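This report looks at charged side chains and their partners. The sequence and structure come next.

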Amino acid sequence: QVQLVESGGGLVQAGGSLRLACAASGRTFPNYAMGWFRQAPGKEREFVASIRWSGGSTYYTDSVKGRFSISRDSAKNTVLLQMNSLKPEDTAVYYCALSKRYYSDSYYSTTGIYDYWGQGTQVTVSS
């Protein structure tokens, strides 16, 4: 089993920055990838960014390109999401997820391929 624990959410003014972390514990898989998703009230969960653990290939949704950056700390089994130039529309609960299998990068934007999910962390951006 795998446990994912997010941290780093909070309240920030528009234009500010936050860094989210997701610590993974338990077993690991050779071809796994991790992703960040978010869900605003009344909306569906949407993809934000993903990263392959081996090789570090990344993929972003268009709305966060140039503002958000996903990275990994292999020694700590942690994936990070640096969020800059935050906007009120970035307000949501942010979830990290882990996929055990290898896919092409664009497939990691699909919620259904992820096997494990964290409990979420709230990010609120005030205008």
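## Terms and model

Partly exposed means a relative accessible area between the buried limit, under 20%, and the exposed limit, over 50%. Arg 101, with a relative accessible area of 37%, is therefore partly exposed. The model is predicted.

## Salt bridges

The count of salt bridges comes to six. One of them joins the side chains of Asp 115 and Arg 101, at 2.8 Å from N to O. The two residues are 14 apart, and both sit in the loop between E9 and strand E10 (116-117). Asp 115 is partly exposed because its relative accessibility is 28%.

Arg 67 and Asp 90 form another salt bridge, also described by an N to O distance of 2.8 Å. This pair links distant parts of the chain, 23 residues apart. Arg 67 is in the loop between strands E6 (58-60) and E7 (68-73), and Asp 90 is in the loop between strands E8 (78-83) and E9 (92-99). Both residues are buried.

## A linked network

Arg 67 and Asp 90 belong to a salt-bridge network with Arg 38 and Glu 46. Between Glu 46 and Arg 38, the closest N and O atoms are 2.6 Å apart. Arg 38 is buried, at 5% relative accessible area. Glu 46 is partly exposed, at 37%.

## A buried glutamate without a bridge

Glu 6 lies in strand E1 (residues 2-7). What is the nearest side chain of opposite charge to Glu 6? Arg 45, 7.5 Å away. Glu 6 is buried and has no salt bridge.

Backbone nitrogens lie by its side chain instead. A polar atom of the Glu 6 side chain is 3.0 Å from the nitrogen of Gln 119. For the backbone nitrogen of Gly 120, the distance to a polar atom of that side chain is 2.9 Å. Contacts of Glu 6 beyond four places in sequence include Trp 36, Tyr 94 and Cys 96.

How values were computed:
Residues are numbered from 1 along each chain as its sequence is written. This is a predicted model: local features need pLDDT of at least 70, side-chain atom pairs count only at pLDDT 80 or more; totals for chains, interfaces and linings use all residues. Side-chain values use heavy atoms; hydrogens and water are left out. Helices (H or I, at least four residues) and strands (E, at least two) are DSSP runs, numbered from the N terminus. Buried means under 20% relative accessible area, exposed over 50%, partly exposed in between (1.4 Å probe, protein chains only). Lys and Arg count as positive and Asp and Glu as negative; His and the chain ends are not counted. A salt bridge is a side-chain nitrogen of Lys or Arg within 4 Å of a carboxyl oxygen of Asp or Glu. A polar contact is a pair of N or O atoms within 3.5 Å; within protein, one must be able to donate a hydrogen and the other to accept it, and residues adjacent in sequence count only if both atoms are side-chain atoms. Contact means heavy atoms within 4.5 Å.
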